[in-house]
Amino acid sequence: MNDTTMSPVLNAAPDFAGLIDRLKGRVPAHCILSKTEDTRPYECDGLSLYRSLPPVVILPENEEQVVAVLQACKAFNIPVVARGAGTGLSGGAMPHAQGVLVGLAKLNQIKKIDLDTATAVVQPGVRNLAISEAAAPYGLYYAPDPSSQIACSIGGNIAENSGGVHCLKYGLTVHNVLKVRVVTIDGDIVELGSEAPDSPGLDLLAAFIGSEGMLGLVTEVTVKLIPSPACARVIMASFDSVESASLAVTNVIAAGIIPAGLEMMDKRAVHMVEPFVKAGYDLDAAAILLCESDGTEEEVEDEIARMQAVFEHAGATRLQVSTSEAERLLFWAGRKNAFPAAGRVSPDYYCMDGTIPRRNLGQVLGAIERMEVEYGLRCANVFHAGDGNLHPLIMFDSNKPDEVDRAEKFGAAILELCVEVGGTVTGEHGVGIEKINQMCVQFGRDELDFFLALKRAFDPYHLLNPEKVIPTLARCAEYGKMHVHGGQIRFPELPRF
Amino acid sequence: MEFVLTELCQQVLTARAAERPVHIRGGNTKHFYGEPCRTDVIPDMAILDLSVYQGIINYQPSELVITARAGTLLSEVERTLDEQGQMLAFEPPRFGAASTLGGCVASGLSGPRRMAAGSLRDFVLGARLLDSSGTVLGFGGEVMKNVAGYDVSRLLAGSLGIFGALMEVSIKVAPKPFQERTLVLETTEAEALALFNRWRGLPLPVSATAWYAADQATRATPVGQLHIRLSGSEPAVLNGARKIGGTSLDEAQAGAFWDSLRDQTHPFFQSRSLWRVAVPPSTPPLEAGPTLIEWNGGQRWLSRVASPAELRARVARLGGHATLFRYDAADVDLPIFQPLEPGVRNISHRLKQELDPVGIFNPKRLFPDF
């Protein structure tokens, strides 16, 4: 590998006027924003603590305009940050102070739903849920369902490799996207992936998904659709200790069952959400599991019985199976609204996103409980228990500087614990700008250099979302005690995780 | 194994210093696959033998993941999983008893269950790579959700070793289905494809399909046998079988049939040259020679292709690609894999230059010119 860990030198005073002039006749004037009052709404994504006012925002209306923008940015050596719906949680779409922010929300057409191939062809600005809504008349849907699916775009899902509560059974974005059309920084259009089962050569699509806008801009996406299950039911199970709930999770998997969803909430989380959603959660339980089965009526009946047996054996203190679709949704409502509920009980909260091997759930939870005492802050825990993805919500008050500091240290300690037990610092929210320092903890310099080399193959000029995700040598050297901020998230009313 | 690892790193360093090409080899059961990359073509080539680097490192059934060294026999991995009622869901081919896990991942090939369960790369969670500087790099891990950095492990799947040697891989595993049943229907090729299209939109537990007619050479629209494997819970399989109809195969027969497709011991695969065509599954019959269809129409094997150039042009228009899967080295005068679009080719070439700057690993195995 060539050893170039330094970012290339950018213009101290980029020629935005020249850039805008270059785009005349290729991108309509109404698609280019440069007055502060127009660009202000784009200064951050869902993680609002990280803000940077973009000097220029461009909102292309078609692929041709995306090509024009990238060609012009390359010619003027101006960085480009892509943005979908702006719901990201790691600052991945935070603008570059000397760059152009390209919003892809206007590319919002569903071009084709094909029953024969069970695929949909959509533009990147289409909302995740809109795909399933459009496919519903055909009895099909798009499986990955991040909790923000009413707002987040498929382009953003590709950037982050988004998951959702059903990804244990149905996979992540990488398992459900067949093909993307990408504009490179050179303005070339390339297609990665295929509607055929595979493509010749390297699997560049796999490298592209989850690349956080650093390799190219997506202009069209082909996704796989799957038949909607005829029936879905969820078991709500209470346990008198986190350990027995964790054991139940392990045992259900060991019994050869892959639930459609398998989520855990600890006592603090249950107490936080129950007054908010009134889902009938068991307030005496130390932990609650939500375990879903989907399929035909017979399959669901068969699987639910199996799941119940496992939970009873693991010492469930209360078991309840949803008897109607309304009740199923109510059981889920508490889980999906953990975030807004946290906002009601605490002025601020810091949401972590580590993943750990499932068998360490009990151990990590115990450690987090001890950390609550150590840092003097409360932490509610909601998990995608099936895949080991933790979302501890650390509660603090940002008006008390000492609490902010403790919350940050608490969060960093959790992430370091995740890496220590063999997990990762981010399961689904991405690195963005938020976790760039933790990348120095998870990876060695050689791996980080490998990432940079991979980026250069797509973007030799380092203009696409520069200074994110992959820390430079200097940055890792500087990273010491000071951990990054996090937590302040916009759209608090939106269901999350 | 520490000593073996040091030795392998040293071999790479030595080869790099001498700018000597390195042929990475596991069980050597897939030597036929890809552009010719053999010691008789490049006489100076060093052989990096990974078959000595063996052993399962971590396997916890309830974590649904297994981590093993690249030289571990595929048969050992599958036996270990089987003992716990689990499996490699992508049903990788074993072209010989010596097949290794590393070779399996590096070649990226999947078997009959691929259309239902996903492809090999879908199950790759982590990998350790011995790169051209003799360093072992770790990517991904053993957890199912991990978005820290680029998904390098999946990029390495199917890369045929052009970036270095896979040393260890972590693979997501799946529970074996509670029940399986194989049904057989008599259909023409077109009828089989029409059925696949219909079933795609229905919640049927189809885990594998194959269509083949023995007398394709002599008849215009031969009626062949369509094999359908259903996998899942008892009610799901029963329900599916009722909807599909046909006759049931007994378990032994069914197992032997799917294995013969997976490992290409079925008589169809005895052809001297064999083409693998991947197309959107709904593509109508290709009518380009005797055909065996798998993966609900997505994978089509052809023997006796009259005009490879014409076939490639056609499948490209259809959105697919054609690979000369088996061939006699003597009569190869065309690229083994479908040539790439220029944009994709350029990115691939730059990746190779960036990640293996001296170009020592498996040169020209995946691409004819680098």
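This is a predicted model: local features need pLDDT of at least 70, side-chain atom pairs count only at pLDDT 80 or more; totals for chains, interfaces and linings use all residues.

Tutor: The buried residues of α9(B) are Phe257(B), Trp258(B), Leu261(B) and Arg262(B). Look down the helix axis and these buried residues fall within an arc of 135°, so they line one face of α9(B). If you're wondering about the cut-off, a residue counts as buried when 20 or more other C-beta atoms lie within 10 Å of its own. Over on the other side of α9(B) you'll find Ala252(B), Gln253(B) and Ala256(B), which are exposed.

What sits over the buried residues?

As for the helix itself, α9(B) runs over residues 251-262, which makes 12 residues. From first C-alpha to last, α9(B) reaches 16 Å, close to the 16 Å expected at 1.5 Å a residue. Just after α9(B) ends, Gln264(B) takes a positive phi of about 55°.

Now zoom out to the chain pair. In chain B, 70 residues are in contact with 79 residues of chain A. Among the elements that each supply at least two residues to that side of chain B are α7 (189-200), α8 (234-244) and α11 (342-355). The biggest giver is α11(B), with eight residues. By class, the side of chain B that touches chain A has 32 nonpolar, 25 polar and 13 charged residues.

Methods: Residues are numbered from 1 along each chain as its sequence is written. Chains are lettered from A and ligands numbered from 1 in the order in which they are written. Two residues are in contact if their C-beta atoms, placed from the backbone, lie within 7 Å. Helices (H or I, at least four residues) and strands (E, at least two) are DSSP runs, numbered from the N terminus. Ala, Val, Leu, Ile, Met, Phe, Trp, Tyr, Cys and Pro count as nonpolar, Asp, Glu, Lys and Arg as charged, and the others, Gly among them, as polar. The expected span of a helix is 1.5 Å times one less than its number of residues. A residue is buried if 20 or more other C-beta atoms lie within 10 Å of its own, exposed if 12 or fewer, and partly exposed in between; C-beta atoms are placed from the backbone. The arc is that of the directions from the helix axis to the C-beta atoms.
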